[in-house]
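Please open the structure in your viewer and keep the selection tool at hand. The tour below goes from one selection to the next and says what is there.

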Amino acid sequence: MAEKVYFLSWSKKDKLYDFLKATRIFNHVKARNFLAIKIHFGEEGNKGYIKPEYVSSVVKIAKEKTAFPFLTDASTIYVGRRSDAYHHHLIANKHGFTIEKCGCPVIIADGLRGDVESEVKVNLKHFKTVMIAQGIYSADSFIFMSHFKGHEITGFGGALKNIGMGCGSKAGKYAMHHSSKPTVNPHCCMGCGECVKHCYQKALFLVDKKIVMNEKKCAGCGQCLVSCAFEVFSLKWNESSLSVQEKIVEYAVGVLKNKKGSYINFLNHISKYCDCFSLSRNNPLMEDIGIVASVDPVAADQASYDLVNKIFGKDLFKELYPKIDSTIQLEYAESLGLGNRNYKLISY
Ligand code: SF4
Ligand code: SF4
């Protein structure tokens, strides 16, 4: 059966509150629920992120249901303004995600340094368990607000990427980005022992104040990369798009395990790169389209993908990334039961 996907054109964006109320996609939000509204606050200089005025409509509906909404994201593995909770809060505040504007607090979900996480069993092709930012894992239910745009590794990024990659802790993000185990340069090691404390696999130990790795024990989780301040560990950034897309979907399975969510994709400022890049590299490539909403993340992303390509006149993402098949994420997500690629678009 086709899944319902609701559509509000960009020219009617001021009607977002009425639109969302009419869709009834918030039926899963219950009284006194801790409701995680997962969003990307935008890297320094980026202009594509979803603006706070749209968040306030979502928060208003959540509060009418007497839920406890909070805005959230997890730390990045690249070095920037979102790679720890302290600087992440500052950039969120600078971009207007304040209690005064949005009506609820910002809680960075994986702690000060991106290592507060929960392990969730999934038993899938790439992962047996996934590492989810603890604040997201502990939430009762979700709303994912996702900016739909191009992406340098996955072709496009929408709801699935916001769920899977966005909710992984730092170790989770490393695991999705890399299948290889870190290489070690012991010459840079200061012998502080910090990484040894963070290695769940007990694959690291010090010999004469220099780090040694037992490769057989290493699970490639990436915790040592996060915990070492001296660049002793490094990884190959050569994971294929196919593998990364599948891993993101497996993480999404972990995030949504036994939980319900709804999915709101913003099809505006559609750029080549994700919101981790600044404006100079990331101008919009076409007109703003609108907002889609659904209780199905696969249907929301499929409808967004189709709307962009219909209005662009050809496959925008294939034009941007000819070597990437960005539909792998949709196909794999559907095969794992995350949702339905078959949808019915209902315009408001
Ligand atoms: S990648 Fe993980 S398991 Fe391997 S050495 Fe680093 S912390 Fe330990
Ligand atoms: S955290 Fe870095 S410097 Fe400290 S022991 Fe581990 S490898 Fe050496």
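Begin by selecting Phe266, which counts as buried because its relative accessibility is 0%, where buried means under 20% relative accessible area, exposed over 50% and partly exposed in between, with a 1.4 Å probe and protein chains only. This is a predicted model, in which local features need pLDDT of at least 70 and side-chain atom pairs count only at pLDDT 80 or more, while totals for chains, interfaces and linings use all residues. Residues are numbered from 1 along each chain as its sequence is written, chains are lettered from A and ligands numbered from 1 in the order in which they are written, and side-chain values use heavy atoms, with hydrogens and water left out.

Next, look for aromatic pairs, of which the whole structure holds 15; rings of Phe, Tyr and Trp (its six-membered ring) pair if their centres lie within 6.5 Å, and planes under 30 degrees apart count as stacked, over 60 as edge-to-face and the rest as tilted. Select Trp10 together with Tyr54, a tilted pair with 5.7 Å centre to centre and 55° between the planes. Trp10 lies in the loop between strand S1 (3-9) and helix H1 (16-23), whereas Tyr54 belongs to helix H2 (residues 52-64), 44 residues apart; helices (H or I, at least four residues) and strands (E, at least two) are DSSP runs, numbered from the N terminus. Both Trp10 and Tyr54 are buried.

Strand S3 (residues 68-73) and S4 run parallel and are joined by three bridges, and in S4 the bridge partner of Thr72 is Ile107.

Finally, select Phe148, Phe156, Tyr305 and Phe317, which ring pairs link into a cluster.

Terms used: Two strands pair if DSSP finds at least two bridges between them.
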